[in-house]
Amino acid sequence: MPEIKKIINEQKINQALEETKNPTNERINEILNKALKKRGLTLKEVGYLLNTDDADHLEQMFRAAAKIKNDIYGERLVFFAPLYISSYCVNGCAYCGFHKRNPAPRKKLTLEEVKEQVKILEDMGHKRLLVEFGEDPKNNPIDYVVEVVKAIYNTKSGRGEIRRANVNIAATSVEDYKKLKDVGIGTYQLFQETYHRDTYEKLHNGPKADYERQLFAHDRALEAGLDDIGLGVLFGLYNYKFEVLGLVSHAQYLDEKFGVGPHTFSVPRWQPADTVTIDPPYPVSEQELLKIIAILRLAVPYTGMIISTRERPEIRAKAFEIGISQTSAASKTSPGGYGQNQELSQFNIFDPRNLDEVLKSILKQGLLPSFCTACYRQGRTGQVFMDLAKPGNIHNLCRPNAILTFKEYLEDYASAEVKLLGKKIINKYFNLIDDKQVRQETKIRFQKIENGERDLYF
Ligand code: SF4
Ligand code: SF4
């Protein structure tokens, strides 16, 4: 079979969707029981879940997804912020505010400006960034990307520092990916946007219009040794049922070929931006987005899932319960956006709250915020990470690490109200650390943080 068909076989996906219409209660029950064993689902099984809108089925799916979320990721929610570096782009993606026909002035941060932005984010309490660049070989060459990542890691403000820089750059060569590996990025994230080839080719022009260049980019990144890989779809461009099967199929392919599935899925819905004139051809409702999140959680349980500030706080809160493990907060989507510059932005955001406000609401939900970056720094990436995650052993690390990193936040950045709420949540989950020794060691490190030490992790 040609390699491309192993990643995405449109005929197989369409057939899976065709053959799974109107699932019975028994079939849905059977699939959910299988999903609860946390060994994943076949494309056809995912098709059945996608093909029901029955309110009871949806409720059952949300309950099962919440159970898996809780078993694997527990009460924790990892925070990061996007950092837009350059809006120069040679592509004309029809859905994006940075498309090349947009006459608005472009902005590319100097290394000094990068440092200023990073300091602002560190002063908010962020430890993890997703660093974003438009595609432009002249303005954003790989050596500039490397220099930016170095500048990020070298910038400290007070007790603040960025401990993990995840990167989103256009599909590129193994050689370029090796440079990202060498500079120590965390996850390499690249969205297919849509897995539907005709739609992809219609909505793109410029180098990104090459569907296969995009589709095989993760293979090249993995070959270069970047073993934490993020996949994503921009929901709204094509039928969401097809896209979910595309994501699952891509994840299964990577798992089979490299022995390691994607580290994360992102599930953005298209949102308006200045000068973007397309109406999303296949709009996805908020309820459908929640269904997508639940189904991905059931189908690919060990891949983390990210939601951005494109969604309203109410939807984000529900999404945290049924599958999301990482979220951005207090985001700006233009280069220099964290200062005064509010120029050209990639898309509009629908959760404008600051980090402290978002934390307050998730604490009230009973969740534990985490700024943990431990795995990547301990070399627990790719297969090593999956070997820990699959038997459920990662729990013993994530909970204490979440407690310690959130404790740092409480000491250094929190408002009085978040301090109060945070203390209660930390006590609650500290008592749930199973391993006695780890609990004892967490207590010791907790004290060290109160005494001014930082960056203590398991
Ligand atoms: Fe450029 Fe990315 Fe926007 Fe496309 S989606 S126009 S590649 S910034
Ligand atoms: Fe993520 Fe590893 Fe930290 Fe858990 S311990 S939150 S998996 S980095």
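**Cysteines.** I started with Cys372, which counts as buried because its relative accessibility is 13%, under the 20% limit. This is a predicted model, so I read every value here as computed from the prediction. Next I checked Cys89: at 18% relative accessibility, Cys89 also falls under the 20% limit and counts as buried. How many disulfides does the structure hold? I found 0.

**Aromatic rings.** I then searched the whole structure for aromatic pairs and got 10. I took a closer look at Tyr238 and Tyr282, whose rings sit 5.1 Å apart, centre to centre, with 65° between the planes. That pair is edge-to-face, because its angle is over 60 degrees. Where in the chain do Tyr238 and Tyr282 lie? I placed Tyr238 in the loop between β7 (229-232) and α12 (240-258), and Tyr282 in the loop between β8 (264-266) and α13 (286-299). The two are 44 residues apart, so I noted the pair as a link between distant parts of the chain.

Is Tyr238 buried or exposed? Tyr238 has 15% relative accessibility and counts as buried. Tyr282, at 38%, counts as partly exposed.

I also wrote down an aromatic cluster made of Phe79, Phe371, Phe406, Tyr409 and Tyr413.

**Charges over rings.** Which residue lies over the face of Tyr144? I found Lys108 there, at 4.3 Å from the ring centre.

**Helix α17.** I turned to α17, residues 382-389, and listed its buried residues: Gly382, Phe385, Met386 and Ala389. Looking down the axis of α17, I saw these buried residues fall within an arc of 95°, so they line one face of the helix. A reminder to myself: an α-helix has 3.6 residues a turn, so residues three or four places apart point the same way. What do the buried residues of α17 pack against? They pack against α16 (374-377).

**Two buried threonines.** I looked up Thr155 in the loop between α7 (142-154) and β3 (156-157). With a relative accessible area of 3%, Thr155 is buried. Its side chain reaches the backbone oxygen of Ala151 at 2.6 Å. Leaving aside neighbours within four places in sequence, I listed Lys115, Val118, Lys119, Glu122 and Glu161 as the contacts of Thr155.

Thr187 came next, in the loop between α8 (174-183) and β6 (188-189). Thr187 counts as buried at 5% relative accessibility. What does the side chain of Thr187 make a polar contact with? I found the side chain of Arg164, at 2.5 Å. Not counting residues up to four places away in sequence, Thr187 touches Arg164, Asn166, Val167, Asp228, Ile229, Gly230, His263 and Thr264.

**Ile13.** I found Ile13 in helix α2, residues 10-18. At 1% relative accessibility, Ile13 counts as buried. Once residues up to four places away in sequence are set aside, Ile13 touches Ile8, Phe242, Leu245 and Gly246. I also took a distance from Ile13 to Tyr144: C-alpha to C-alpha, they are 40 Å apart in space, and 131 residues apart in sequence. Tyr144 is the residue whose ring has Lys108 over its face.

**Positive phi.** Ala330 is not a glycine, yet I read a positive phi of about 60° for it. Ala330 lies in the loop between β10 (326-328) and α15 (355-364), and is buried, with a relative accessible area of 12%.

Asp455 also went on the page, with a positive phi near 60° in a residue other than glycine. I placed Asp455 in the segment after α20 (436-450). Is Asp455 buried or partly exposed? With a relative accessible area of 22%, Asp455 is partly exposed, because that value lies between the 20% and 50% limits.

Conventions. Residues are numbered from 1 along each chain as its sequence is written. Chains are lettered from A and ligands numbered from 1 in the order in which they are written. This is a predicted model: local features need pLDDT of at least 70, side-chain atom pairs count only at pLDDT 80 or more; totals for chains, interfaces and linings use all residues. Side-chain values use heavy atoms; hydrogens and water are left out. Rings of Phe, Tyr and Trp (its six-membered ring) pair if their centres lie within 6.5 Å; planes under 30 degrees apart count as stacked, over 60 as edge-to-face and the rest as tilted. Helices (H or I, at least four residues) and strands (E, at least two) are DSSP runs, numbered from the N terminus. Buried means under 20% relative accessible area, exposed over 50%, partly exposed in between (1.4 Å probe, protein chains only). A charge sits over a ring if NZ of Lys or CZ of Arg is within 6 Å of the ring centre and within 35 degrees of the ring normal. A disulfide is a pair of cysteine sulfur atoms within 2.5 Å. The arc is that of the directions from the helix axis to the C-beta atoms. Contact means heavy atoms within 4.5 Å. A polar contact is a pair of N or O atoms within 3.5 Å; within protein, one must be able to donate a hydrogen and the other to accept it, and residues adjacent in sequence count only if both atoms are side-chain atoms.
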